[in-house]
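Here is a short report for a first look.

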Amino acid sequence: QAQLEESGGGLVQAGGSLRLSCAASLRVFRNNAMGWFRRAPGKEREFIAAISWSGESLWYTDSVKGRFTISRDNTKRTGYLQMNNLKPEDTAVYYCATRDGESWRGLYENWGQGTQVTVSS
C-alpha cells in the first residue's frame with residue numbers, strides 16, 4: 001500500500017484551478033513536514049511549496065507564489081495544494097513528499113507516485 005497518494009490532477013484551461021490532495025499513512029505523516037514538487041516534460045524536478053509539521057511555516061517558489069496555497073489537515077493525515085490561475089507552464093507531474101521533523105528544509109524521504117496536471121492554453 002502506498003504511503004503517500006496524490007489525487008486531484010487533471011486537464012484544465014489556463015486561468016482555471018485545481019486542488020491536489022496527498023493522503024498519507026500515519027508513519028510518513030505524523031511529525032513530518034510536507035513538500036510539493038513537480039516535474040515538467042524534459043525538465044528536472046522542481047521544489048515548489050512546503051509546509052512544516054505544525055503548519056506554521058510555509059514556503060513557495062517564486063513562480064507559484066500568490067497562485068498556489070499549501071495546507072494540511074493533521075486530523076485527516078492529508079496535505080493539499082490549491083492551485084489557482086493555472087498557466088500552461090504549470091503542466092507537470094506533481095508529487096507530494098514528506099520528511100521527518102517539524103522543518104520543511106532538508107531532504108525528503110517519502111514520496112508519492114505523482115499526479116498529472118495539464119493546463120491547456
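The side chains of D62 and K65 form a salt bridge, 3.0 Å from N to O. The term means a side-chain nitrogen of Lys or Arg within 4 Å of a carboxyl oxygen of Asp or Glu. D62 is exposed, at 62% relative accessible area. Here buried means under 20% relative accessible area, exposed over 50%, and partly exposed in between, with a 1.4 Å probe and protein chains only.

This is a predicted model: local features need pLDDT of at least 70, side-chain atom pairs count only at pLDDT 80 or more, and totals for chains, interfaces and linings use all residues. Residues are numbered from 1 along each chain as its sequence is written, and side-chain values use heavy atoms, leaving out hydrogens and water.

The structure holds four salt bridges.

D90 lies in the loop between β8 and β9 (92-100), and R38 in strand β4 (residues 32-39), so their pair ties together parts 52 residues apart in sequence. R38 is buried at 6% relative accessibility. D90 is buried at 1%. E46 is partly exposed at 27%.

Now the sheet. Four strands form an open, antiparallel sheet in the order β1-β3-β8-β7. Strands are DSSP runs (E, at least two residues), numbered from the N terminus. Two strands pair if DSSP finds at least two bridges between them. The edge strands, β1 (4-7) and β7 (68-73), each pair on one side only. Six bridges join β3 (residues 18-24) to β8 (residues 78-83).
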